[in-house]
Amino acid sequence: MLPKMEQVGAIIPDIINQFAAQLRDLYKKGARNLWIHNAGPIGCLPVATIKIKDPTAGYLDEHGCVKDMNDTAILFNKQLFHTLTKLRIELQQAAITYVDLYKAKYELISNAKNQGFEEASKICCGVHENGEDVWCGNKKRLNNGTEVYAGSCNNPSTIISWDGCPLY
């Protein structure tokens with residue numbers, strides 16, 4: 001079971017501090033070029049949305065993403081950006097590049113069909129139907145007795161999310 005987003009939000013400062021400590025350690029060991037990307041819109045991952053039936057008002061945003069999960073990612077990203085800004089001053093010989101992965105992925109998901117993709121919520125590899133999950137590359141005998149292999153979709157270039165791996 002996934003933790004509540006409030007619980008995740010409460011530990012973000014610890015996660016960021018541990019990450020910053022690792023960056024300082026890498027710097028001490030000679031790293032000078034650091035490429036850091038922020039958290040993507042985790043509430044838009046098909047694994048987060050695929051089993052949602054009849055959500056309450058406000059649970060999903062206008063693109064079908066889980067709002068509180070994305071709000072948590074945004075909170076994380078703000079704290080990460082703030083910490084990297086301080087690290088740029090502290091680690092003066094380092095070139096720290098911050099990549100806004102959240103914005104790029106959210107724009108892709110928001111405009112999936114205009115960019116040649118099918119529904120943003122589809123998964124290319126894996127079977128997730130009738131309350132049963134068969135993760136990418138696995139076989140499983142379903143409750144109805146059918147054995148299923150969760151292979152790739154027919155046209156992977158039209159699907160944004162490959163495997164729908166669980167978040168836990």
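A residue counts as partly exposed when its relative accessible area lies between the buried range, under 20%, and the exposed range, over 50%. The legends below describe views of a predicted model.

**View 1. Phe19 in helix α1.** Phe19 belongs to helix α1, and because its relative accessibility is 33%, Phe19 counts as partly exposed. Once the neighbours within four places in sequence are left aside, the contacts of Phe19 are with Ile36 and Leu80. Thr83 lies 64 residues away from Phe19 along the chain, and the C-alpha atoms of Phe19 and Thr83 are separated by 9.6 Å.

**View 2. The packing of helix α1 against helix α3.** Two packed helices are described by the angle between their axes and the distance between the axes. Helix α1, formed by residues 5-28, packs with helix α3, formed by residues 67-90, at an angle of about 25 degrees, and the two axes are 10 Å apart. Angles under 35 degrees count as roughly parallel, so α1 is roughly parallel to α3. The crossing in which α1 passes α3 is right-handed. On the α1 side the contact includes Met5, Val8, Ile12, Ile16, Phe19 and Leu23, and on the α3 side the residues met include Met69, Thr72, Phe76, Leu80, Leu84 and Leu87. Sorted by class, the residues in the contact of α1 with α3 are 15 nonpolar, four polar and three charged.

**View 3. Helix α3 and its buried residues.** Helix α3 has 24 residues, which at 1.5 Å a residue should span 34 Å, and this agrees with the 35 Å that separate its end C-alpha atoms. The buried residues of α3 are Met69, Asn70, Thr72, Ala73, Phe76, Asn77, Leu80, Thr83, Leu84 and Leu87. These buried residues pack against several elements, namely α1, β1 (33-37), α2 (46-49), β2 (95-99) and α4 (101-110).

View 4. Asn77 is part of helix α3, and with a relative accessibility of 7% Asn77 counts as buried, because the limit for a buried residue is under 20% relative accessible area. Not counting residues up to four places away in sequence, Asn77 touches Asn38, Ala39, Tyr98 and Tyr102.

View 5. Most residues other than glycine have a negative phi. Asp54, although it is not a glycine, has a positive phi of about 50 degrees. Asp54 is placed in the loop between α2 and α3 and counts as exposed, with 74% relative accessibility. Pro55 lies in the loop between α2 and α3 as well, but Pro55 is partly exposed, its relative accessible area being 38%.

**View 6. The whole chain, for orientation.** The chain contains four helices and six strands, and from the N terminus on its elements follow the order α-β-α-α-β-α-β-β-β-β. Taken along the principal axes, the box filled by the C-alpha atoms of the chain is roughly 60 × 35 × 35 Å. The chain has 168 residues, of which 32% count as buried. Among the contacts between residues at least 6 apart in sequence, 65% join residues at least 24 apart.

Definitions and conventions. Residues numbered from 1 in each chain as written. Predicted model: local features only at pLDDT ≥ 70, side-chain atom pairs only at ≥ 80, totals over all residues. Heavy atoms only, no water. Axes fitted to C-alpha atoms, helices over the stretch in contact; angles between N-to-C directions. Helix = DSSP H or I, 4+ residues; strand = E, 2+ residues; numbered from the N terminus. Parallel < 35°, antiparallel > 145°, perpendicular 65-115°, else oblique. Left-handed = near helix turned anticlockwise from the far one by under 90°. Contact = heavy atoms within 4.5 Å. Nonpolar A, V, L, I, M, F, W, Y, C, P; charged D, E, K, R; others polar. Expected span 1.5 Å × (residues − 1). Buried < 20%, exposed > 50% of the residue type's maximum accessible area, 1.4 Å probe, protein only.
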